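Thanks for coming, everyone. Please have a look at the structure on the screen, and I will walk you through it.

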Amino acid sequence: MSVDDLLMVAGEASGDLHGSRLLSELRELAPGLRPFGLGGDELQAAGLESFGHSAEIAVVGITEAVRILGRARKIYERLLEEVDRRRPRAAVLIDFPEFNLRLARALKDKGVRVVYYISPQVWAWRRGRVKTIAERVHKMLVLFPFELEFYRERDVRTACVGHPLVDEVPDLPQAWDAEDGEPERYRVALLPGSRPSEVRSLLPPLLEAAAGLAGELPVDFRLILAPTLPRDRVEALLAGAAVAPAIVTSDRFRALADCHLALCASGTATLEVGLLGTPMIVVYRVGGWTYRLGQLLVKLPDISLVNLVLGRRAVPELIQRGASPEAIRREALAILRDRGRVREMRAALAELRGKLGTGGASRRAALEVHEVLLEGAGEAA
């Protein structure tokens, strides 16, 4: 079996980004590494030979997943064909549990050590998957300290490497820093998510809420485009909207820091916005069946990573029917008109960086993967 060949699989934008940082660090430790698998633009730019694009199979919810099953199956089968041909000693599977946990079983049967980077949120829902992880995963690399305790209590070999966003999100001046009184024009960011299905669900109500907000305050809107989203698809959703947000495709962190408020899809983006110190409203909408199933299985009072990491409801969450255009408009207006509430939210967000650990997460993750590769080489010798 080959120590130099490494399978890597990421199925969504945040995993693609974090995986690319890990791969760049790992290639410094192992210059002869030959990474292959599934990723997006970031992983491919870092040197991954990818058999497909992660955006092809990145969806949210049960109903949405049915649409991409055929393509996901073809990619899955191709990856296993490559594993049989190259015979890597190890694989790095990044988040994306519905695909990656199934793949982990097949890899274990083939003698491939699985390092799982960025844990599925088993501490929040479907805790029964911990047994599956213990059986199929050689080592789990987690981002949050509370995850380390959770897994170790369940006898899963685990290391906490910290969150790579601490390095990736800079400390920038924030819009409210320059405001003594009321701004001449407010700037509001729209972040409808990184998956096409997510954007189709969230962008229309965000635009309707934006139109209502613009009727009450002078506001400029910025739509922060995730790198996995084709611009033409988003522009099609903007056609006919009552507001025309400026589409931001580069220097997203500076654009976000320069906003007074962000209307943000639940997910990794909430941590990015939070680390920048921009007040936010978290919105979440999925298909009806997916949501009803989630209500039965989710064990936490909050859904956003910001509130989970801080351990309290620091930013408002508008969920499913509660994420109506009118509710979003009303909440946004209340925040922008209440400077005391803005100060309170910003103070809470200032705690995030310390909660997420020190810098160097990608390097620590790479060292853990390298150690597993060396273990395999040592046993082979």
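First, a term: helices (H or I, at least four residues) and strands (E, at least two) are DSSP runs, numbered from the N terminus. With that, take Y186, which sits in strand β8, residues 186–191. Before I go on, two notes on the source. This is a predicted model, where local features need pLDDT of at least 70, side-chain atom pairs count only at pLDDT 80 or more, and totals for chains, interfaces and linings use all residues. Residues are numbered from 1 along each chain as its sequence is written, and side-chain values use heavy atoms, with hydrogens and water left out.

Back to Y186. Is Y186 buried or exposed? Buried means under 20% relative accessible area, exposed over 50%, and partly exposed in between, with a 1.4 Å probe and protein chains only. Y186 has a relative accessible area of 2%, so Y186 is buried. What does Y186 touch? Contact means heavy atoms within 4.5 Å. Setting aside neighbours within four places in sequence, the contacts of Y186 are W176, L217, P218, V219, D220, H260 and L336. Y186 and C259 are 73 residues apart in sequence, yet 7.5 Å apart in space, C-alpha to C-alpha.

Now the whole chain. The protein chain has 18 helices and 13 strands. Of its 381 residues, 57% are buried. Take the contacts with a separation of 6 or more: 68% of them join residues 24 or more positions apart.

Next, the cores. A nonpolar core is a set of buried Ala, Val, Leu, Ile, Met, Phe, Trp, Tyr and Cys residues joined through side-chain atoms within 4.5 Å. The largest nonpolar core has 98 residues, and M8, Y117, V188, L191, L213 and L263 touch the most other members. Which helix gives the most to this core? Helix α9, residues 196–214, with eight residues. Apart from this core lies another, of 34 residues, among them A72, V83, F99 and V122. Y117 has contacts beyond four places in sequence that include H18, L22, D95, P164 and A365.

Stay with α9. Its 19 residues reach 26 Å from first C-alpha to last, close to the 27 Å expected at 1.5 Å a residue. That expected span is 1.5 Å times one less than the number of residues. Where is the kink in α9? At L202, about 35°, shortly before the proline P204. The bend at a residue is the angle between axes fitted to the seven residues ending there and the seven starting there. Buried residues of α9 include L202, L203, L206 and L213.

On to the aromatic rings. Rings of Phe, Tyr and Trp (its six-membered ring) pair if their centres lie within 6.5 Å; planes under 30 degrees apart count as stacked, over 60 as edge-to-face and the rest as tilted. The structure holds five such pairs. One of them is Y76 with F99, edge-to-face, at 5.8 Å centre to centre and 85° between the planes. Y76 lies in helix α4 (residues 69–86) and F99 in helix α5 (residues 97–109), so the pair ties together parts 23 residues apart in sequence. Y76 is buried at 9% relative accessible area, and F99 is buried at 10%. Together, Y76, F96 and F99 form one aromatic cluster.

Last, the backbone. Most residues other than glycine have a negative phi. Q320 is not a glycine, but has a positive phi of about 50°. Q320 lies in the loop between β13 (317–319) and α15 (325–336). Q320 counts as buried, at 13% relative accessibility.
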